[in-house]
Amino acid sequence: MRTLHANWVWVALVTNGAVGLWGVALAIGRRAGGRWFRAGVGVAVVAMLMQVGLGFLVYGQGLRPGNDFHLFYGFLVLFTFAFAYIFRDKISRSPAVIWGILLLFTMGLAIRAWSNVAG
């Protein structure tokens, strides 16, 4: 489980980064996201939530990251997605830019979490 959590971070980082940049590019080009963008957002969110869930499972097995900030960043990812859900009506007004920035932010949180145990 620990190995899966350690390797899945790359899937979560790449999907959140790619879809985040896609959203920002759509906003700069003043284009709507469309169905494919919404699907990409869904994949990115699920990938990051799986990463956090795997982290909780690893923690539940008694394996500790050695740094409390690692857990803190995992909780911040959850809070970020919870707030996105709460404000989903406002996000629907300009989804590309908001989801783009939000996914880049969660990617940054994952990088910080990873850096707390990797180095």
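A nonpolar core is a set of buried Ala, Val, Leu, Ile, Met, Phe, Trp, Tyr and Cys residues joined through side-chain atoms within 4.5 Å. Keep that in mind for the opening stop. The model on your screen is predicted.

**Stop 1: the core**

Select Phe37, Val41, Phe81, Trp99 and Leu103. These residues have the most contacts inside the largest nonpolar core, which has 23 residues. Now colour by helix. α1, α2, α3 and α5 each give two or more residues to this core. The largest share comes from α5, with seven residues.

Stay on Leu103 and show its surroundings. Leaving out residues up to four places away in sequence, Leu103 touches Asn16, Val19, Gly20, Val41, Ala44, Val45 and Phe81. Val41 and Phe81 are also among the core residues with the most contacts.

**Stop 2: helix α2**

Select residues 34-60. This is helix α2, with 27 residues.

Next, pick out the buried residues of α2. They are Phe37, Gly40, Val41, Ala44, Val45, Ala47, Met48, Gln51, Val52, Leu54, Gly55 and Val58. What covers them? The cover includes α1 (2-28), α3 (68-86) and α5 (95-118).

Go on past the end of α2 to Gly62. This glycine follows the helix and has a positive phi, near 95 degrees.

**Stop 3: Asn16**

Move to helix α1 and select Asn16. Is Asn16 buried or exposed? Its relative accessibility is 0%, so Asn16 counts as buried; the cut-off for buried is under 20%.

Show the polar contacts of its side chain. A polar atom of the Asn16 side chain lies 3.0 Å from the backbone oxygen of Ala44. The side chains of Asn16 and Thr106 make a polar contact of 2.9 Å.

Then widen the selection. Neighbours within four places in sequence aside, Asn16 is in contact with Ala44, Met48, Phe81, Leu103, Leu104, Thr106 and Met107.

**Stop 4: Thr106**

Follow the 2.9 Å contact from Asn16 across to Thr106. You are now in helix α5. Thr106 also counts as buried, because its relative accessibility is 0%.

Which residues does Thr106 touch, not counting those up to four places away in sequence? They are Asn16, Met48, Val77, Thr80 and Phe81. Met48 is one of the buried residues of α2, and Phe81 is one of the core residues with the most contacts.

**Stop 5: Arg112**

Stay in helix α5 and select Arg112. Arg112 counts as partly exposed, because its relative accessibility is 42%, between the 20% and 50% cut-offs.

Arg112 and Tyr73 are 39 residues apart along the chain, and their C-alpha atoms are separated by 7.2 Å. A polar contact of 3.4 Å joins their side chains.

**Stop 6: Arg30**

Finish in the loop between α1 and α2, at Arg30. Check its backbone. Arg30 has a positive phi of about 55 degrees, although it is not a glycine. Its relative accessible area is 79%, so Arg30 is exposed; the cut-off for exposed is over 50%.

Technical notes:
Residues numbered from 1 in each chain as written. Predicted model: local features only at pLDDT ≥ 70, side-chain atom pairs only at ≥ 80, totals over all residues. Heavy atoms only, no water. Helix = DSSP H or I, 4+ residues; strand = E, 2+ residues; numbered from the N terminus. Expected span 1.5 Å × (residues − 1). Buried < 20%, exposed > 50% of the residue type's maximum accessible area, 1.4 Å probe, protein only. Contact = heavy atoms within 4.5 Å. Polar contact = N/O pair within 3.5 Å; in protein donor to acceptor, adjacent residues only side chain to side chain.
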